[in-house]
Amino acid sequence: MLAKLNTFALVGIDALPVEVEVDASGGNPKTVLVGLPEMAVRESIHRIERALTNLGYDRPRGRTVINLAPADLKKDAGAFDLPIALGMLVATHQLRPDQLANYATVGELALDGSVRNIRGGLSMSMACRERGVRRLIVPAANAREAAVVEEVDVFGVNSLAEAVGLISGDVEVDPVSPGMDEITAKLNQYSEDFSDVRGQEFAKRALVVAAGGGHNVLMIGSPGTGKTMLARRLPTILPPLIPGESLETTRIYSALGRLPAGQPLLTIRPFRDPHHTISDAGMVGGGTIPRPGEISMAHHGVLFLDELPEFNRKSLEVLREPLEKGQVTISRSTMATTFPARFILVASMNPCPCGYMGDPKRACKCSPMQVEKYMGRVSGPLLDRIDLHVEVPAVPFQELSANRDGTDSTNMREQVRKARAVQAQRFSNPGSLNSRMSSRLLRKHCPLNVEGRDLLQNAMDELGLSARAHDRILKMARTIADLEESPDIQVPHLSEAIGYRSLDRRLWAKQ
């Protein structure tokens with residue numbers, strides 16, 4: 001008898017439809033699995049047979065052929081165990097084919113028949129919605145994340161026996177609820193606040209500009225000046241995470257199997273701080289079957305690169321395209337996969353190898369050649385894509401010991417909210433920001449008066465800035481004007497924007 005079931009293969013963060021066909025017939029006992037299965041799928045036959053036996057079900061006694069269609073799509077991971085096992089039960093007349101007509105199933109089986117969690121439950125539920133499949137059976141551990149898609153009834157099972165009881169109607173099971181009220185209550189609740197950072201008001205102002213227009217930031221300062229504290233608190237002043245953004249980012253974490261237990265949706269903006277030993281594939285994604293990297297895990301959040309010059313040069317250079325386009329495409333001989341990567345890059349570094357060049361209290365021990373070599377680890381093209389270069393000096397004792405808190409996240413977030421509201425009205429799209437303006441939009445929304453043009457021309461000539469830096473200065477000036485609720489870019493706005501670009505030219509001038 002031939003059985004057909006719906007399931008999905010996870011490719012990147014997308015769930016592609018797969019049809020499982022199981023045909024049991026007479027002849028010598030043998031099980032054949034076809035359809036381009038990878039090793040993890042080929043090994044599933046042994047798991048499935050033992051699970052069926054241990055639960056008391058009959059196994060196919062003759063020749064069994066299992067086909068995973070389409071045949072040209074590689075099948076990886078153990079999510080096909082449950083649909084194959086159910087197909088065997090249909091093929092051996094222990095379930096009726098019509099009982100599985102409007103179901104899709106995914107899950108990995110243990111030898112005792114229990115169902116283990118899988119990756120990409122949310123993506124598979126979204127694929128069910130797109131294909132019009134109304135019911136989805138998933139492992140109980142993945143049920144809440146999959147249930148976020150309201151148009152699909154999601155059922156979580158702990159074992160193959162539970163799945164059989166659900167499908168046959170012997171067990172009454174209600175669809176899983178994602179608990180959206182609980183999720184909404186936890187949205188945008190951060191344990192950190194900018195009031196924890198004493199002093200550094202100039203750096204806080206720069207971060208307000210960065211958050212207001214979606215600009216990238218590089219902080220330069222001696223060890224212990226608060227660069228990491230400032231970076232970690234940037235998500236607290238970004239606009240509230242809306243459910244749509246949460247769903248996009250959660251999909252990435254679900255595909256990687258990185259969702260926290262019991263949390264079907266991410267409730268705060270992601271903050272990723274990879275170690276400097278990370279590879280280029282770890283940064284942007286990769287693998288035989290491409291998987292998302294750190295930049296995609298930072299989607300709608302912040303990517304923090306601490307000690308920027310310590311990163312491998314190749315790991316930094318692969319950031320160029322994602323910083324411009326907001327996405328990354330991983331190409332292989334048989335496929336090309338695109339991952340979203342719209343994030344704010346925050347980087348930090350010391351001014352020299354020892355970290356104390358320019359420090360008023362500690363002497364720098366580095367030679368000019370050592371400093372030049374250290375700074376040369378960050379390429380000019382990458383530096384051009386970082387809008388703000390901010391010096392973070394040591395905080396005086398008086399400010400550290402003061403009882404008065406510094407500017408807090410609530411005040412800074414309100415400034416950011418107002419600036420983004422202006423941009424949403426300007427571009428007629430809440431997701432459009434000044435940092436993403438095209439050349440055409442730049443000419444339309446960033447005109448300068450004669451005094452402003454002269455100032456920008458002098459800055460370009462004296463600092464040797466590139467055409468990209470020219471555009472980024474205008475975008476920053478537009479954001480600063482929005483923060484000041486000014487319809488036009490004035491000279492003070494432009495001067496502040498140029499000030500954020502001058503530090504790198506002072507430090508990299510001798511390269």
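Student: How much accessible surface does the protein chain have, and what share of it belongs to carbon and sulfur atoms?
Tutor: In this predicted model, the accessible surface of the protein chain comes to about 22800 Å², and 48% of that belongs to carbon and sulfur atoms.

Student: And what are the spans of the C-alpha trace along its principal axes?
Tutor: They are about 85 × 50 × 45 Å, for a chain that has 22 helices and 18 strands.

Student: What percentage of the residues is buried?
Tutor: Of the 511 residues in the protein chain, 52% are buried.

Student: Which residues have the most contacts inside the largest nonpolar core?
Tutor: That core has 63 residues, and the ones with the most contacts inside it are Met283, Ile295, Leu303, Leu305 and Leu319. Helix α4, residues 121–131, gives the most to this core, with five residues.

Student: OK, what does leucine 319 touch, if we skip residues up to four places away in sequence?
Tutor: Leucine 319 touches Met283, Ile295, Leu303 and Leu305, and also Leu382.

Student: Changing topic: where does serine 195 lie?
Tutor: Serine 195 lies in the loop that runs between α7 (180–186) and α8 (201–213).

Student: Why does serine 195 count as buried?
Tutor: Serine 195 has a relative accessibility of 15%, and because buried means under 20%, this residue counts as buried. Setting aside neighbours within four places in sequence, serine 195 is in contact with Asp405, Gly406, Thr407, Asp408 and Ser409.

Student: What about proline 223, is that one buried or partly exposed?
Tutor: Proline 223 is partly exposed, with a relative accessible area of 40%, and is found in the loop between β10 (217–220) and α9 (227–232). Apart from neighbours within four places in sequence, proline 223 is in contact with Asn350, Gly355 and Tyr356.

Student: How far is the C-alpha atom of proline 223 from that of alanine 210?
Tutor: The two C-alpha atoms are separated by 22 Å, while the residues are 13 apart along the chain.

Student: Back to helices: which residues are buried in α6?
Tutor: In α6, which covers residues 160–168, the buried ones are Leu160, Ala163, Val164, Gly165, Leu166 and Ile167. Just after α6, glycine 169 takes a positive phi of about 90 degrees.

Student: Last one: how far apart are the mean positions of the positive and negative charges?
Tutor: The mean positions of the 61 positive and 60 negative charges of the protein chain are 4 Å apart.

Terms used:
Residues numbered from 1 in each chain as written. Predicted model: local features only at pLDDT ≥ 70, side-chain atom pairs only at ≥ 80, totals over all residues. Heavy atoms only, no water. Helix = DSSP H or I, 4+ residues; strand = E, 2+ residues; numbered from the N terminus. Buried < 20%, exposed > 50% of the residue type's maximum accessible area, 1.4 Å probe, protein only. Contact = heavy atoms within 4.5 Å. Core = buried A, V, L, I, M, F, W, Y, C linked by side-chain atoms within 4.5 Å. Areas by Shrake-Rupley, 256 points an atom, 1.4 Å probe, with all protein chains shown as cover. Lys, Arg positive; Asp, Glu negative; His and termini not counted. Charge placed at Lys NZ, Arg CZ, Asp CG, Glu CD.
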